[in-house]
Amino acid sequence: MKKILPLLLIIIMSITACDETSQIDITLNENSTDGVTEETTVTIYEPVFNTEFTGIEINEKTPKRGNLPVNLVSTTWFEVYNVCVDEENNAVYYTNYDKNNYVYSYKDGVSELILEVSANYLNYWDGSLYYTSSDRGMPGQFDNFFSGKLYKYNLETKEQELILSDEIMGLWVTEKGLYFNKEVEGSTDNEGNPIPAYAMYNMPFDGEPDRCGIMQQYYYGEYQLSFNQNGLCLIKGDEEIPLITKNLTWQTFISDEKLYIKGTNLYSLDLTNGEIETIYIRAEPYISGDYIVEMHEILDFTIIDNDIYATAYNQFIYKYDREKEMFVPDGEFIGENGLNYHKIFTDGKNIFTIASKGYIDNRSEFIMCVRIPDGNGSWIEEKLP
């Protein structure tokens, strides 16, 4: 008989006045070491959409980007994107956490080390890679988040160029230039110590950085995303169209014709017609040995066409089932030898993941994997160097 695996954290959600305040009260049941269950209730506020928005028509193409937007959204503040798509040459560039965060190329099923520099925030533009690099990196440490100086690497001449010596965090490259977060003067704590603060900047390819608005790295046609006193809006000149009026989160991006925002659940807003879809962040129970694991929180996701894939820091890749309104394990495939999947990316066709396996020198071994469609509705998985 299968056993029910007791989880340390069981989440029970009750929605209160959701239409007016978008408030969700969550009761946390925690099992303490002496077996006594303690309950704590916290409140999470979900994004509030502008119900009058019914879509817009655009007259220009959305500016090209240096990576797929879904690869540029961090599930937490402490993760950096490390898979970059070169659609011009049908290539992918990635950094390998367990190999000093050096940069590799992946093309036609072959991986190659191309840059022995610890790099974060990879973007590709016009024959060059853009990224940040810092000498404070900790090779093999999966969840460290670093600021760094801005560099450019010409793939043809193999020359690295320092573009900006200021420390920046995050990097979004588009035909409108480079967008990033740069430290500005912030506030202080109770003891007078400075608290770091960051603001969004835009820098033309041949110019100097200039401060701009939050979220302005995203475009839809001739409209630019912007956050102001009215919420999250699309702007064009003096025209302003509110999309989300309250409770914006940093995990927000535009991909194709949809705006995605992650709260307790993942939401998509179709910018052509105003339709909202809720993708529920919950997973189907699965069997592990003699146990039935009742729940795993979905922690990272990617999108291929209209399909949403996710990881939950366990041995499965999940796919969202719109009929069941939950994520389910994608096919029969299970990661071999205790491989647990963490981050997930895509090049628009294949799935790239960062997985952990066992312990070496008191830390997990991290592995970059790629899943390639086999043409029969399943995947072939390979480990990358």
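**Exercise 1. Determine how many cavities of 30 Å³ or more the structure holds, and describe the lining of the largest cavity.**

Solution. The structure holds three cavities of 30 Å³ or more. The model is predicted: local features need pLDDT of at least 70, side-chain atom pairs count only at pLDDT 80 or more, and totals for chains, interfaces and linings use all residues. Residues are numbered from 1 along each chain as its sequence is written, and side-chain values use heavy atoms, with hydrogens and water left out.

Step 1: the terms. On a 1 Å grid over the protein atoms alone, a cavity is a set of points where a 1.4 Å probe fits but cannot get out, whereas a pocket is an open set with protein on both sides within 12 Å along at least five of seven lines; lining residues have an atom within 4 Å of a point. Grid points are joined across faces, edges and corners, and a volume is the space filled by probe spheres set on the points.

Step 2: the volume. The largest cavity has a volume of about 40 Å³.

Step 3: the lining. Arg65, Gly66, Asn67, Leu72, Asn123, Trp172, Val173, Thr174, Gln217 and Tyr218 line the largest cavity. Strand E13 (residues 159–174) supplies the largest share of this lining, three residues. Strands (E, at least two residues) and helices (H or I, at least four) are DSSP runs, numbered from the N terminus.

Step 4: the classes. The lining of the largest cavity divides into four nonpolar, five polar and one charged residue. Here Ala, Val, Leu, Ile, Met, Phe, Trp, Tyr, Cys and Pro count as nonpolar, Asp, Glu, Lys and Arg as charged, and the others, Gly among them, as polar.

**Exercise 2. Describe the largest pocket by volume, lining and residue class.**

Solution. Step 1: the largest pocket contains about 790 Å³ of space.

Step 2: its lining comprises 30 residues, of which Arg65, Leu68, Pro69, Glu87 and Asp256 lie nearest its centre. Two or more lining residues come from each of strand E6 (83–86), strand E10 (120–125), strand E22 (258–262) and strand E27 (300–304).

Step 3: by class, this lining has 12 nonpolar, six polar and 12 charged residues.

**Exercise 3. Identify the residues that touch the most other members of the largest nonpolar core.**

Solution. Step 1: a nonpolar core is a set of buried Ala, Val, Leu, Ile, Met, Phe, Trp, Tyr and Cys residues joined through side-chain atoms within 4.5 Å. Buried means under 20% relative accessible area, exposed over 50%, and partly exposed in between (1.4 Å probe, protein chains only).

Step 2: the largest core has 75 residues, and Leu234 and Leu259 touch the most other members. E13 gives the most to this core, six residues. Apart from it lies another core, of 13 residues, among them Cys84, Val117, Tyr124 and Tyr151.

Step 3: beyond four places in sequence, the residues that Leu234 touches include Ile56, Tyr220, Ile241, Ile254 and Leu271. Contact means heavy atoms within 4.5 Å.

**Exercise 4. Is Thr95 buried or exposed, and which residues does it contact?**

Solution. Step 1: Thr95 is found in strand E7 (residues 91–96). Thr95 is buried, with a relative accessible area of 1%.

Step 2: leaving aside neighbours within four places in sequence, Thr95 is in contact with Asn82, Asn101, Tyr102, Val103, Ala119, Leu122 and Met368.

**Exercise 5. Locate Lys158 and Glu325, and state what their phi values are.**

Solution. Step 1: most residues other than glycine have a negative phi.

Step 2: Lys158, not a glycine, has a positive phi of about 60 degrees. Lys158 is in the loop between strand E12 (148–154) and E13, and is exposed, with a relative accessible area of 60%.

Step 3: Glu325 has a positive phi near 55 degrees. Glu325 lies in the loop between strand E29 (317–321) and strand E30 (326–329), and is partly exposed at 36% relative accessible area.

**Exercise 6. Where is the confidence of the chain lowest, and where is it highest?**

Solution. Step 1: pLDDT is the predictor's confidence in each residue, from 0 to 100. The chain has a mean pLDDT of 80, and 77% of its residues reach 70 or more.

Step 2: confidence is lowest in strand E2 (residues 9–16), at a mean of 26, and highest in strand E17 (residues 219–220), at 96.

Step 3: pLDDT stays under 50 over residues 1–21 and over residues 138–144. Where pLDDT is low, the predicted coordinates should not be read in detail.
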